[in-house]
Amino acid sequence: MSSLVEKLPLPKERERILDDCVKLLEQEVKSKGGLSGMAVKAGYKVLKSLSPNAARMAVDDMLDEFLEALEPFHNDYLKTKKGTFGSYMESRSEPVAEALIGVTDRRARSTKHRVLENMYNKLRSSAVHHVTQAVPGLAGLIDRYYIEK
């Protein structure tokens, strides 16, 4: 059985995948409304104030861990092979979101950037909701690069 990493064109297309991940992140942030959306937008602004490339660097730094977090879902998908892996992810949006948030939770606990840690902790209570909403976009992104071997 092939791993998710083996089904993606890594490292060859890593830069393009990162570009698409950052575009997706920015689209998701921009689409947020209401009070929690304002908080997400403010948090993203803080992140970008540290460095214009902070979001890309963060995604690059965590990409392998995100893919590892998705591996159990990929293994289950390979057992059924119904539809695409992206459609499988969408049908399990909340558990997928929780797995991805597990990565950011671990990173937040070990960061040396107290401003980022405080911001993350303030946004954490709405994270599952926001990441669940982003799973369809992420699923589409993965499907664009997924290689059936």
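**View 1. A network of salt bridges links R14, D60 and D64.** A salt bridge is counted where a side-chain nitrogen of Lys or Arg lies within 4 Å of a carboxyl oxygen of Asp or Glu. By this rule the count comes to 14 salt bridges. The model is predicted: local features need pLDDT of at least 70 and side-chain atom pairs pLDDT 80 or more, whereas totals for chains, interfaces and linings use all residues. Residues are numbered from 1 along each chain as its sequence is written, and side-chain values use heavy atoms, without hydrogens and water.

**View 2. K48 and E26 form a salt bridge at 3.2 Å, N to O.** K48 belongs to helix α3 and E26 to helix α2 (residues 14-31), so the pair ties together parts 22 residues apart in sequence. Helices are DSSP runs (H or I, at least four residues), numbered from the N terminus. K48 is partly exposed, with a relative accessible area of 31%; partly exposed lies between buried (under 20%) and exposed (over 50%), for a 1.4 Å probe and protein chains only.

**View 3. In helix α7 (residues 114-123), L116, E117, M119, Y120 and L123 are buried.** They cover an arc of only 165 degrees around the axis, which puts them on the same side of α7; the arc is that of the directions from the helix axis to the C-beta atoms. On the other side of α7, V115 and K122 are exposed. The buried residues pack against α3 (34-50), α6 (93-110) and α8 (127-145), contact meaning heavy atoms within 4.5 Å.

Note on methods:
Helices (H or I, at least four residues) and strands (E, at least two) are DSSP runs, numbered from the N terminus.
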